[in-house]
Amino acid sequence: MQIHGPSHIHGAQALSGPHLNRANQVSSFQGSTPIQDEVQISELGQLLDKVHELPEIRADLVARIRQEIAAGTYETEEKLSIALDRLLDEIG
């Protein structure tokens, strides 16, 4: 039975009806180029993938550095010299 809206109801159809014709049409397409699926990942999806590849945060190191900053012992002459050298290398 086919229903085409509320007022178009058709009676029962034979099993060899339209289904048989459709099976023949599908087999005729098999000789052509096969259909291939394609996936496109958005820029946000690619960015999230990169975020998941980042190393874990070392909470113990972060806590130690926060303590050193709070105590005023984090910034040393040696660290500032290294940072300055890196900055000059980058811009020069």
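## Close-up views of a helical chain

**Figure 1. L54 is exposed, because its relative accessibility of 55% lies over the 50% cut-off.** The model shown here and in the other views is predicted. L54 is located in the loop between α2 (43-53) and α3 (59-71). On the surface, L54 belongs to a nonpolar patch together with L44, L47, L48 and V51. The five residues of this patch have about 490 Å² of accessible area together.

**Figure 2. The chain contains four helices and zero strands.** Along the sequence, the elements follow the pattern α-α-α-α. How much of the chain is buried? Of its 92 residues, buried residues make up 1%. The chain exposes about 9300 Å², and carbon and sulfur atoms supply 57% of that area.

**Figure 3. Helix α3 is hardly covered.** Among the 13 residues of α3, the count of buried residues is one. From its first C-alpha to its last, α3 reaches 18 Å, which is close to the 18 Å expected at 1.5 Å a residue. Just after α3 comes G72, which takes a positive phi of about 80°.

**Figure 4. Within α3, the side chains of R64 and E68 meet in a salt bridge.** The N to O distance in this pair is 3.1 Å. Side chains of opposite charge can pair when their charged atoms come close. Why do E68 and R64 lie about one helical turn apart? They are separated by about one helical turn because they are four residues apart in helix α3. An α-helix has 3.6 residues a turn, so residues three or four places apart point the same way. E68 counts as buried because its relative accessibility is 19%, and the cut-off is under 20%. R64, by contrast, is partly exposed, with a relative accessible area of 45%.

**Figure 5. E68 also forms a salt bridge with K79.** The closest N and O atoms of this pair are 3.9 Å apart. E68 lies in helix α3 and K79 in helix α4 (residues 77-91), so the pair ties together parts that are 11 residues apart in sequence. K79 is partly exposed, at a relative accessible area of 37%.

How values were computed
Residues numbered from 1 in each chain as written. Predicted model: local features only at pLDDT ≥ 70, side-chain atom pairs only at ≥ 80, totals over all residues. Heavy atoms only, no water. Patch = residues over 30% accessible without salt bridge, like charges linked within 9 Å, V, L, I, M, F, W, Y side chains within 5 Å. Areas by Shrake-Rupley, 256 points an atom, 1.4 Å probe, with all protein chains shown as cover. Salt bridge = Lys/Arg side-chain N within 4 Å of Asp/Glu carboxyl O. Helix = DSSP H or I, 4+ residues; strand = E, 2+ residues; numbered from the N terminus. Buried < 20%, exposed > 50% of the residue type's maximum accessible area, 1.4 Å probe, protein only. Expected span 1.5 Å × (residues − 1).
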